[in-house]
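The sequence and the structure come first.

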Amino acid sequence: MELLACPQCGSKNFCQTTLKYEMVTDDNKKWDLACKECGYQGIPIILDKYEGIFQGAQPSSLGFIGLWILRTRLDSGEEKVLEVLREDAQDCIQALQLKRGDEIRVILDQKVWYIERLHE
């Protein structure tokens with residue numbers, strides 16, 4: 001599932017605003033998006049969001065230095081992987097006290113990721 005987030009305030013409360021006519025777009029039409037919280041108008045950040053069962057972490061290649069893979073299995077059986085730095089993976093697992101089988105929610109874009117444990 002994709003979420004739209006405001007790059008200015010982080011709100012996920014966006015709406016379409018007035019239709020603008022411009023010579024450079026297809027059919028000379030363009031919809032603008034506006035944040036209902038702070039009024040930002042423009043392109044929001046597109047976030048990927050999914051919930052599933054934490055399957056564990058492992059190095060993405062031989063050795064323990066470099067990127068690690070955090071694995072999540074969705075209800076549909078699909079597996080999602082998130083590659084992060086080894087230190088970040090360890091910090092996340094320790095801070096949330098994640099164990100294999102825990103339900104988690106992952107939100108990410110191209111540069112930022114966030115994981116939360118759903119049930120204690």
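**Trp68 and its surroundings**

Not counting residues up to four places away in sequence, Trp68 touches Ala57, Gln58, Pro59, Ser60, Leu82, Glu83, Val84, Arg86 and Ala89. The model is a predicted one. Trp68 lies in strand 5, and its relative accessible area is 11%, so Trp68 is buried, the limit being under 20%.

- Glu87 belongs to helix 1.
- With a relative accessible area of 43%, Glu87 is partly exposed, because this value falls between the 20% and 50% limits.

**Overall fold**

- The chain contains one helix and eight strands.
- Read from the N terminus, the order of elements is β-β-β-β-β-β-α-β-β.
- Of the 120 residues in the chain, 28% count as buried.
- The chain exposes about 8400 Å², and carbon and sulfur atoms supply 50% of that area.
- Among contacts with a separation of 6 or more, 39% come from residues 24 or more positions apart.

**Nonpolar core**

- The largest nonpolar core has 14 residues, and those that touch the most other members are Tyr50, Leu70, Leu82, Leu98, Ile104, Val106 and Ile115.
- Two or more residues of this core come from each of strand 4 (45-59), strand 5 (67-73), strand 6 (79-85), helix 1 (86-96) and strand 7 (103-108).
- The most is given by strand 7, with three residues.
- In soluble globular proteins, nonpolar side chains tend to be buried together.
- Leu70, one of the core residues named above, is in contact with Phe54, Gly56, Ala57, Lys80, Val81, Leu82, Val84, Ala89, Ile93 and Ile115, leaving aside its neighbours within four places in sequence.
- Val106, also named above, is placed in strand 7.
- The relative accessibility of Val106 is 1%, so Val106 counts as buried.
- Beyond its neighbours within four places in sequence, Val106 has contacts with Asp48, Lys49, Tyr50, Thr72, Leu82, Tyr114 and Ile115.
- Val106 and Lys49 are 57 residues apart along the chain, while their C-alpha atoms are separated by 5.6 Å.

**Largest pocket**

- The volume of the largest pocket is about 180 Å³.
- Its lining consists of Ala5, Cys6, Gly10, Lys12, Ile45, Leu47, Ile107, Leu108, Asp109, Val112, Trp113 and Tyr114.
- Strand 4, strand 7 and strand 8 (113-117) are the elements that give two or more residues to this lining.
- Sorted by class, the lining of the largest pocket has nine nonpolar, one polar and two charged residues.

- Gln55 is found in strand 4.
- Gln55 counts as buried because its relative accessibility is 17%, and the limit is under 20%.
- Leaving aside neighbours within four places in sequence, the contacts of Gln55 are Arg71, Thr72, Arg73 and Arg100.

**Gln97: backbone angle in a loop**

- Gln97 sits in the loop between helix 1 and strand 7.
- As background, most residues other than glycine have a negative phi.
- Gln97 has a relative accessible area of 52% and is therefore exposed, the limit being over 50%.

Conventions. Residues numbered from 1 in each chain as written. Predicted model: local features only at pLDDT ≥ 70, side-chain atom pairs only at ≥ 80, totals over all residues. Heavy atoms only, no water. Core = buried A, V, L, I, M, F, W, Y, C linked by side-chain atoms within 4.5 Å. Buried < 20%, exposed > 50% of the residue type's maximum accessible area, 1.4 Å probe, protein only. Helix = DSSP H or I, 4+ residues; strand = E, 2+ residues; numbered from the N terminus. Contact = heavy atoms within 4.5 Å. 1 Å grid on protein atoms, 1.4 Å probe; cavity = no way out; pocket = protein on both sides within 12 Å on 5 of 7 lines; lining within 4 Å. Points joined across faces, edges and corners; volume = space filled by probe spheres on them. Nonpolar A, V, L, I, M, F, W, Y, C, P; charged D, E, K, R; others polar. Areas by Shrake-Rupley, 256 points an atom, 1.4 Å probe, with all protein chains shown as cover.
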